[in-house]
Amino acid sequence: MRWGLTLVFALTLCMPLAAGAADDVGRVKVAKGSVVIERGGARLPATVGLRLQQGDVIATGRDGSAGVTFNDDTLLSVGPDTVLSVDRFAFDSTTHAGRFDTSLRQGTLSAVSGKIAKQSPDAMKVRTPSTILGVRGTEFVVRVAPVSP
Amino acid sequence: MRRALVVLLMLTAGCAATPKVVTKPVDEMVVLLPAPDGKVGALSVTHAGHERTLGAPYATTRLQEQGKLVDGGSLTPEQVKQTFADALGAQPPRPVTFLLYFLGDSDEFTPESKQELPKILQEIAGRPAPEIVVVGHTDRVGTVAYNDALSLRRAERVRAQLVDIGIANEQMRVAGRGERAPLVPTADEVAEPRNRRVEITVR
């Protein structure tokens with residue numbers, strides 16, 4: 001029993017490490033107007049150079065836009081009134097195997113896929129409130145417009 | 001009283017899940033774009049078990065009512081520029097890759113590769129929060145594991161050389177791809193100098 005607990009604890013410790021060295025997944029390269037990164041309960045102002053982590057949410061205001069380069073060379077940028085969450089990012093820089101899941105909850109997104117999508121066509125997904133996009137090495141734009149009920 | 005409220009809440013939640021589908025208004029649009037060199041990839045769009053694949057430049061799919069994924073035809077490049085002006089305008093600069101070769105088995109760059117170094121510095125200087133990724137490659141002589149280690153050592157040596165010419169160590173990452181990504185495909189165990197290289201990506 002005690003061994004079991006120790007094992008679980010050890011595995012828990014390993015998990016963040018397995019997500020990647022220094023656990024940053026990308027960097028903010030462009031930030032215009034009001035842009036915040038929601039991390040845990042905190043709201044960090046998005047400045048150029050800020051390192052993103054898995055789980056971060058990028059949120060822009062009416063005058064905001066932002067661009068991020070991820071560790072596999074994927075480029076994602078968002079327009080105003082946008083909420084984009086980085087749900088999962090794992091990238092092996094030796095084999096290029098990985099997983100990249102993001103969710104566009106509202107607003108506009110432009111994407112240029114990188115090495116993860118190039119290596120395995122099903123490894124990069126963008127979710128919107130109603131659809132799932134499977135990225136097969138390409139560039140695209142997505143809009144989730146607010147709809148009045 | 002509180003228990004009654006909980007039961008009421010549960011019933012309400014149950015109602016929402018009854019077979020009668022409430023059509024929530026949605027307005028979603030996806031447009032496939034060509035790369036700057038004109039090449040187009042593919043994108044699958046899945047909604048409620050239906051899948052459409054976009055494969056042509058500016059091909060568009062729209063979802064304006066739950067349950068209906070419709071062919072949006074093709075947006076014009078001008079319509080895309082208009083609708084996505086801010087998102088496209090915030091796109092980070094595209095990564096640029098340089099190839100460096102060594103003289104024989106030495107640590108010394110070939111004369112051509114030496115000439116690339118100022119261009120790399122220039123590229124770094126023009127970018128916001130620049131990062132430099134140094135990736136080593138080998139030919140197919142030796143085992144995969146041996147070449148993984150060799151390519152990483154090669155990348156580490158180049159990292160040290162880049163520090164010497166003034167690139168900040170903390171801006172750099174190194175990786176070894178081993179024999180996985182040959183520039184010139186060969187059979188296993190074939191010596192091929194063109195595959196013994198280091199790629200520097202500035203992003």
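This is a predicted model: local features need pLDDT of at least 70, side-chain atom pairs count only at pLDDT 80 or more; totals for chains, interfaces and linings use all residues.
**Exercise 1.** Find what share of the contacts in chain B with a separation of 6 or more comes from residues 24 or more positions apart.

*Solution.* Start with the criterion: two residues are in contact if their C-beta atoms, placed from the backbone, lie within 7 Å. Next, keep the contacts in chain B with a separation of 6 or more; residues 24 or more positions apart account for 58% of these. Residues are numbered from 1 along each chain as its sequence is written, while chains are lettered from A and ligands numbered from 1 in the order in which they are written.

**Exercise 2.** Work out the strand order of the open four-stranded sheet in chain B and say which strands stand at its edges.

*Solution.* First, let strands (DSSP runs of E, at least two residues, numbered from the N terminus) pair when DSSP finds at least two bridges between them. The order is then β6-β9-β7-β8, with mixed pairing. Now look at the ends: β6 (96-101) and β8 (172-178) of chain B each have a single partner strand, so one side of each lacks a neighbour in the sheet.

**Exercise 3.** Describe how β7 and β9 of chain B pair.

*Solution.* Take β7 (residues 132-137) and β9 (residues 197-202) of chain B: they run antiparallel, joined over five bridges. Then pick one residue, B:Val135, whose bridge partner in β9(B) is B:Glu199.
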